[in-house]
Amino acid sequence: MIASATPSTAPRVLLVDDDESVVHALTRLLGRAGWEVRSSERAFGVLNLVAEYRPHVIVLDVVMPGLDGGQLTELLRSDPELARTRVVLHSGMDPMELEQRARLVEADGFVSKGGRPADLLETLRQFAA
């Protein structure tokens, strides 16, 4: 787990990605933008983390070993306590495929990996309120 020293009044984001370098880069980016960041490099156990941390938004990698981001989104949506948690899928897959997957699992948004950092920040700001 990685946590920033951002004040607790900051919007909270949970990053779930099996690529440690992506987690570190996004943690730095979001921390500088004023977000409180927690992360997990595996999907297993994330439902408990979400229940404890109560993030404003979760950024989920789609392609992960075991339980992927789409499956994890479906699990979140099926839990009455967590169903309203905002989810943004984040992947290097084809953008049209990513959009279709986001709609299929009822994610709130999607952002392609390798895109402009400003696009991710703008997408997340929509859910900070």
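Q: What covers the buried residues of helix 3?
A: The cover includes strand 1, helix 2 (46-53), strand 3, strand 4 and helix 4 (95-104), with a contact meaning heavy atoms within 4.5 Å. Helices (H or I, at least four residues) and strands (E, at least two) are DSSP runs numbered from the N terminus. Bear in mind that this is a predicted model, where local features need pLDDT of at least 70, side-chain atom pairs count only at pLDDT 80 or more, and totals for chains, interfaces and linings use all residues. Residues are numbered from 1 along each chain as its sequence is written, and side-chain values use heavy atoms, with hydrogens and water left out.

Q: Which residues of helix 3 are buried, and how do I read their placement?
A: Start with the helix itself: at 3.6 residues a turn, residues three or four places apart point the same way. Here Gly69, Gly70, Leu72, Thr73, Leu76 and Arg77 are the buried ones (under 20% relative accessible area; exposed is over 50%, partly exposed in between, using a 1.4 Å probe and protein chains only). They sit on the same side of helix 3, because they span an arc of only 160 degrees around the axis, taken from the directions from the helix axis to the C-beta atoms.

Q: What caps the N-terminal end of helix 3?
A: Asp68 does, with a side-chain oxygen 2.9 Å from the backbone nitrogen of Gly70. A polar contact is a pair of N or O atoms within 3.5 Å; within protein, one must be able to donate a hydrogen and the other to accept it, and sequence neighbours count only if both atoms are side-chain atoms.

Q: And what does the side chain of Arg77 reach?
A: Arg77 belongs to helix 3 (residues 69-78), and its side chain gets to the backbone oxygen of Ala83 at 2.8 Å. Leaving out residues up to four places away in sequence, Arg77 touches Ala83, Arg84, Thr85, Val87, Val105, Glu106, Ala107 and Asp108.

Q: Which residues are buried in helix 5?
A: In helix 5 (residues 117-125), they're Leu120, Leu121, Thr123 and Leu124. Down the axis of helix 5 these fall within an arc of 160 degrees, so they line one face. Their cover includes strand 1 (12-16), helix 1 (20-32), strand 3 (57-61), strand 4 (86-91) and strand 5 (109-112).

Q: How should I read the phi of Arg54 and of Glu106?
A: Most residues other than glycine have a negative phi. Arg54, not a glycine, has a positive phi of about 55 degrees; it sits in the loop between helix 2 and strand 3 and is partly exposed at 35% relative accessibility. For Glu106, phi is positive too, near 65 degrees. Glu106 lies in the loop between helix 4 and strand 5 and is exposed, at 54% relative accessible area.
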